[in-house]
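This report describes a ligand site, the pockets and selected backbone features of one structure. The sequence and model are shown first.

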Amino acid sequence: MKILGIETSCDETAAAIIEDGRHIVSNVVFSQTDMHSIYGGIVPELASREHMLTILPAIDQAMTEANVTYSNLDAVAVTHGPGLAGSLLIGVNSAKGIALGRNLPLVGINHLEGHIYAAWLEDSDPESEIGFPAICVIASGGHTDLILMKGHGDYQLVGRTRDDAAGEAFDKGARVLGLGFPGGPAIQSISEKGDSDSEKFPRPNIKDSLDFSFSGLKTAVLRRAEQKGIYPQSEGETVNHQDIANVASGFQSAIVEFIVRRTVQAVKKYNAKGVLLGGGVAANALLRKEIKAKCPVSVIVPKPSLCTDNGAMIGAAAYFHLRHGMRYEFNLDVVPNLRLG
Ligand code: KG4
Ligand code: ZN
């Protein structure tokens, strides 16, 4: 079964062809990062306009690379939430147009569920490798969620952030350290030259809960940057690059340690058989290493390009929806605050 997966919830215009839910035939991602980076964050109006220009080229390229035509497709899947309304609309309307025009089933996918199903790609099969229940950790620019997955389509939200998401904390931390946007990759890269022990950050602690909170760490990085003359940066003033690397490294360690600690707690509390890690922050090398080292059960972490937003994960999730007989009508709408579990 060949599915066209479309993803436009944020700042990536993405399309992929997925075969039988697990095999990537093509996976095209047009990133808008350069366009948004001059503003230090995503500008929703620009994002939706850019999606409008790039959605058809992205789909065309995915079809060409996969050597398929519309008549070879079995279904069209698209992210319909959560995300930016104007951005989601471009993907959803494009998917509807193709599905209607070619008389194909339309599948609406929750973006967070897509991040979970990235673990099924590259011919991996978490169901037989670890089984259910699994703890899904979704750490992205908009979410830091712990989801208990009891089976396909059966989710329970057991922990979430009470303020900023982990990716948002990385992005804001990078901004005060003068590292640009997106912050996660920049912090990861400069942290390699830093010493996390020389810049210890407070460890967030919410008692009797699996919830997260990153606002304290965000304030702490701002204070540290002010103390060291890193922020605000005045013209002509030189900053100590080793200071920036040390602060970035301490900050990254605190975020990673918090996510790993909560994951281990969730695994124990729910007797989970394994962990599935996903979302843009799952591309972080320290997080990938630490979560595998500290979890008492198997952890599946997709390769970094499948952790950040892509169409392949949407096609993978759609395969399991279709296999379980789920059908969607053409009144499928965008739901910017769609929840999972
Ligand atoms: O899942 P994603 O691509 O988009 C959303 O659904 O939000 O996640 C984007 C987030 C950004 O905040 C970005 O800074 C973060 O993922 N990110 C990283 C890394 N790569 C991307 N954070 C830490 N380390 C990375 N290597
Ligand atoms: Zn995402």
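## Basis of the description

A pocket is found on a 1 Å grid over the protein atoms alone, as an open set of points where a 1.4 Å probe fits, with protein on both sides within 12 Å along at least five of seven lines; its lining residues have an atom within 4 Å of a point. Its volume is the space filled by probe spheres set on the points, which are joined across faces, edges and corners.

The model is predicted, so local features need pLDDT of at least 70 and side-chain atom pairs count only at pLDDT 80 or more, whereas totals for chains, interfaces and linings use all residues. Residues are numbered from 1 along each chain as its sequence is written, chains are lettered from A and ligands numbered from 1 in the order in which they are written, and side-chain values use heavy atoms, with hydrogens and water left out.

## The largest pocket

The largest pocket holds about 1300 Å³ of space. Its lining comprises 48 residues, and those nearest its centre are Cys-10, Ser-140, Gly-141, Gly-142 and His-143. Helix 6 provides the largest share, 6 residues.

By class, the lining of the largest pocket has 17 nonpolar, 21 polar and 10 charged residues. In this division Ala, Val, Leu, Ile, Met, Phe, Trp, Tyr, Cys and Pro are nonpolar, Asp, Glu, Lys and Arg are charged, and the others, Gly among them, are polar.

## The site of ligand 1

Helix 7 contributes the most, with 4 residues.

There are 20 residues around the ligand (a heavy atom within 4 Å). Gly-141, Asp-171, Gln-188, Gly-280 and Asp-309 come nearest. The shell divides into 5 nonpolar, 13 polar and 2 charged residues.

The side chain of Asn-284 places an N or O atom 3.0 Å from a nitrogen atom of ligand 1. Asp-309 has a polar side-chain atom 3.0 Å from an oxygen atom of ligand 1, and a backbone N or O atom of Gly-184 lies 3.1 Å from an oxygen atom of the ligand. Taken alone, ligand 1 exposes 550 Å², of which the protein buries 90%; these areas come from the Shrake-Rupley method with a 1.4 Å probe.

## The second largest pocket

The second largest pocket contains about 170 Å³ of space. It is lined by 15 residues, and Arg-203, Ser-253, Glu-257, Glu-290 and Lys-294 are the closest to its centre. Helix 9 (241-270) and helix 10 (285-294) each supply at least two lining residues, with the largest share, 6 residues, coming from helix 9. This lining has 4 nonpolar, 3 polar and 8 charged residues.

## Backbone features

Two cis peptide bonds deserve attention. One runs from Gly-81 to Pro-82, with omega near -15°, and Pro-82 lies in the loop between strand 4 (75-81) and helix 3 (85-102). The other runs from Phe-181 to Pro-182, with omega near -5°; Pro-182 is placed in the loop between helix 6 and helix 7.

Asp-20, a residue other than glycine, has a positive phi, near 50°. Asp-20 belongs to the loop between strand 2 (12-19) and strand 3.

Terms used. A polar contact is a pair of N or O atoms within 3.5 Å; within protein, one must be able to donate a hydrogen and the other to accept it, and residues adjacent in sequence count only if both atoms are side-chain atoms.
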